[in-house]
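Trainee: Could you show me, step by step, how to read the features of a structure like this one?

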Amino acid sequence: MTLWRIAIAAFMPVTQDEAYYFDWARSLAWGYFDHPPGVALLGLGTLLEPGSALMARLGGILASTLTLLVLARLYLNAGLTRSRDLSLALLLAFATLPGLAGGVLITPETALALAWALALHEAERALAGDRRRWVTAGVATGLGLLGKYTMVLVGPVFLWAILVADWRALRTPWPYLGGLAALLVFSPNILWNAQHDWLTMGFQFGHGFSIEVAGFAAPEADAIDHEGPQSALERLGSLLGYVGTQLGFWGAMLVAMLIRRVGRLRSVGADSAPALSGSARALLIAATGFPLAFFGPVSLVSEVEANWPVVYLMSAAPLLAVWLRPVRIWVAAAAGVNLLLVSLYAFHAATDALPLPDSQNRILRETHGFAELARIAGELDAPVYADRYQTTAMLRFYRPDLDATQWPGLTRPSEYLRGQIAPRVRPGELFGPFWLVTRFAAPPPIAGFRAEQARVFFDCPRRTLQEGGRPACRRPLHTWWLYRYRPD
């Protein structure tokens, strides 16, 4: 599993959000505009070899490998003592589409997954009799909150499991000491938010629930349009889309589940096979059901991103492994299909080799052409800025010496506008020319400056960047305009 991840990480170009997080790693802090600091720590490998996708992703590969090891121990303690049952559960956890992609791409969910697995592992041990482990479960929860605020959902999971499996633990100090431990570990980010007008928490709260946070958090956190479904039909469509996406995460494994459901197969010796322990089963059911149940209603009022409840897959895997024992061969085949599909998609990201329709080429829009754009930007005769944080991040990943940053006020704000990970642009203090990289076909008006030169580059699949003229393809992946501004 890890060898496959290393190979894909080396072969596949970085995505735009990855480049953004890798930039954070160059300036560590207890918080950032979009997220707490966990994802920045995973990107420290970029300091070893700037511009290398593999080195930048090493931290994430290590975290993903540790996650599988922790899950293996959790599943074993939960009752999957037979090696083939344990292997089946790990295969289910690894070979879902998020499991495959998340083991390579660096996102906040990478840190969250490791902490979530650690918290469940410690909680299972506490429910099994060692109540002191609620303290270490709390430590893991605090670490998870430093990775992504979604970790807060593990609290109701723990409460449900305690009430079902060991309610007398509530008469002991250990669950409460665990909560205190979580708060202490998480406190540096709370203090950072308090010192920065609750920037990250305000942004995430508004983003997650599509509500205004004006008056609660920094103005930058409310400067992004948070709009969810409005009509009843839109709300229904959003909910159905949410459910469909969560099912789709299993990929070809849905076929194995269908065969098991329709065929009503039984395996030899199934009745004597070890089952999950009662306390572990209560914990795993809660860890599966609560994230799904929480974000379902949220999808009625907000645009729920597909990855938000993704931690449910780790606890669903052992539950499904018990049920899917009779069709383990089908599960293995489905895992192979998922692995092949993700491998081909990563190959396509690196080579543009597959004749995919434009609607399926998001991965190329995430990765293609940016290295060449950074080279061109490095040859310009004045400082370079970009209108979008994603473009800024890619320029800085491929050309760290370029010192590019985001121009304020043109698109959604980001960490770049704070002046911590890159120099902050102060238009009133600029007295010379500069270049702006944008997708706008007309130069954005900038007070005190006027555009004096324009260059346009078309990014077509299987081609290098083309400057000027008519694009060589019907629908370019990107069209970048480079405008040279000078003071009035």
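Mentor: Let us begin with a term: a disulfide is a pair of cysteine sulfur atoms within 2.5 Å. This is a predicted model, in which local features need pLDDT of at least 70 and side-chain atom pairs count only at pLDDT 80 or more, while totals for chains, interfaces and linings use all residues. Residues are numbered from 1 along each chain as its sequence is written, and side-chain values use heavy atoms, with hydrogens and water left out.

Trainee: Which residues form a disulfide here, and how far apart are their sulfur atoms?

Mentor: The sulfur atoms of C460 and C473 lie 2.1 Å apart and form a disulfide, and a search of the whole structure finds one. The pair links distant parts of the chain, 13 residues apart, with C460 in the loop between strand 4 (449–459) and strand 5 (466–467), and C473 in the loop between strand 5 and strand 6 (478–487). Strands here are DSSP runs of E with at least two residues, and helices are runs of H or I with at least four, numbered from the N terminus.

Trainee: Why is the disulfide of C460 and C473 called left-handed?

Mentor: The torsion about its S-S bond is about -80°, so the disulfide of C460 and C473 is left-handed.

Trainee: Is C460 buried or exposed?

Mentor: Buried means under 20% relative accessible area, exposed over 50%, and partly exposed in between (1.4 Å probe, protein chains only). C460 counts as buried because its relative accessibility is 2%, and C473, at 19%, also counts as buried. By contrast, V164 in helix 9 (residues 154–165) counts as partly exposed, because its relative accessibility is 49%.
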